[in-house]
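Subject: Structure handover

Hello,

Here is the structure I said I would pass on. Please open it alongside this message; my notes follow below.

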Amino acid sequence: MSVSLPASSSSTAPRPQLFDANGRPLMPAANPSPAPTPDYVARGVDGDTKVMQHSSPVKYQATRFDKDWDRGEDIVDSALRKVVEKATVKHTFHVAPGVRIHCTVALFVGGCGGDPPPPPSAKDGDERLNMAPSSLLAPSPNPPKPPSEAECIAIYRDGKPLPHGCPVDTPNRSVDAELREREAKH
């Protein structure tokens, strides 16, 4: 086994320097030598420029037989799709008024699902469906006086939206008040 040491620094080629003595990067000369020209130059298309276009000179016209031909599917895929369509059974069960369950069974695999929930009712005046008014979010030192129960019942009977401050159970209180009025007459 032998080891050879590099020759002294005086006999080796000078190392390239990236920085000068002041620490600034050394930049290449202003006029660099021209780049070598390649041995091969790619040429463009000569003559007909439509060589790579895929257009057909024969225009297609549909016929009455087009409905019987599936161009996008393989014949096996088409046959399997038709078998699944013929073997699929769908049924809707009416469980209760407004409640339906839709079931589908296809080739020993099946599942059931219901209708989506109905949209919310359009009760814009119902206090329970609205956000809290700004007066509750940042209370004022002089809050407005809430309407009395009788005023709330009168507003409810007129079919108008209830103002803030009316009890949430104003419809029930309206029915109770009507029953008390009937009893007072008899």
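Which cysteine does a disulfide join to C152? The partner is C166, with an S to S distance of 2.0 Å. Please keep in mind that this is a predicted model, and that the values here are computed from it.

The disulfides

The whole structure holds two disulfides. A disulfide is a covalent bond between the sulfur atoms of two cysteines.

The link of C152 and C166 is left-handed, with -90° about the S-S bond. This pair ties together distant parts of the chain: C152 sits in helix α3, while C166 lies in the loop between α3 and α4, 14 residues apart. C152 has a relative accessibility of 1%, so it counts as buried. C166 is buried as well, at 4%.

The other disulfide runs from C103 to C112, with 1.9 Å from S to S. Here the angle about the S-S bond is 110°, and the link is right-handed. C103 is buried, with a relative accessible area of 13%, whereas C112 is exposed at 57% relative accessibility. With the bonded cysteines numbered in sequence order, the pairing reads 1-2, 3-4.

Helix α4

Helix α4 covers residues 170–185. Its 16 residues should span 22 Å at 1.5 Å a residue, and the C-alpha atoms at its ends are 22 Å apart, which agrees. Its buried residues are T170, S174 and A177. Viewed down the helix axis, these fall within an arc of 65°, so they line one face of α4. An α-helix has 3.6 residues a turn, so residues three or four places apart point the same way. N172 and E183, on the other side of α4, are exposed. Part of what covers the buried residues of α4 is α3, residues 149–157.

T170 is worth a look of its own. Its relative accessible area is 1%, so T170 is buried. Neighbours within four places in sequence aside, T170 is in contact with C152, I153, Y156 and L162.

The strands

Strands β1 (residues 88–96) and β2 (residues 99–106) run antiparallel and are joined by eight bridges. They form a hairpin with two residues between them. A96 stands opposite V99 of β2. In the turn, G98 has a positive phi of about 85°.

Regards

Methods. Residues are numbered from 1 along each chain as its sequence is written. This is a predicted model: local features need pLDDT of at least 70, side-chain atom pairs count only at pLDDT 80 or more; totals for chains, interfaces and linings use all residues. Side-chain values use heavy atoms; hydrogens and water are left out. Helices (H or I, at least four residues) and strands (E, at least two) are DSSP runs, numbered from the N terminus. Buried means under 20% relative accessible area, exposed over 50%, partly exposed in between (1.4 Å probe, protein chains only). Contact means heavy atoms within 4.5 Å. Two strands pair if DSSP finds at least two bridges between them. The expected span of a helix is 1.5 Å times one less than its number of residues. The arc is that of the directions from the helix axis to the C-beta atoms. A disulfide is a pair of cysteine sulfur atoms within 2.5 Å.
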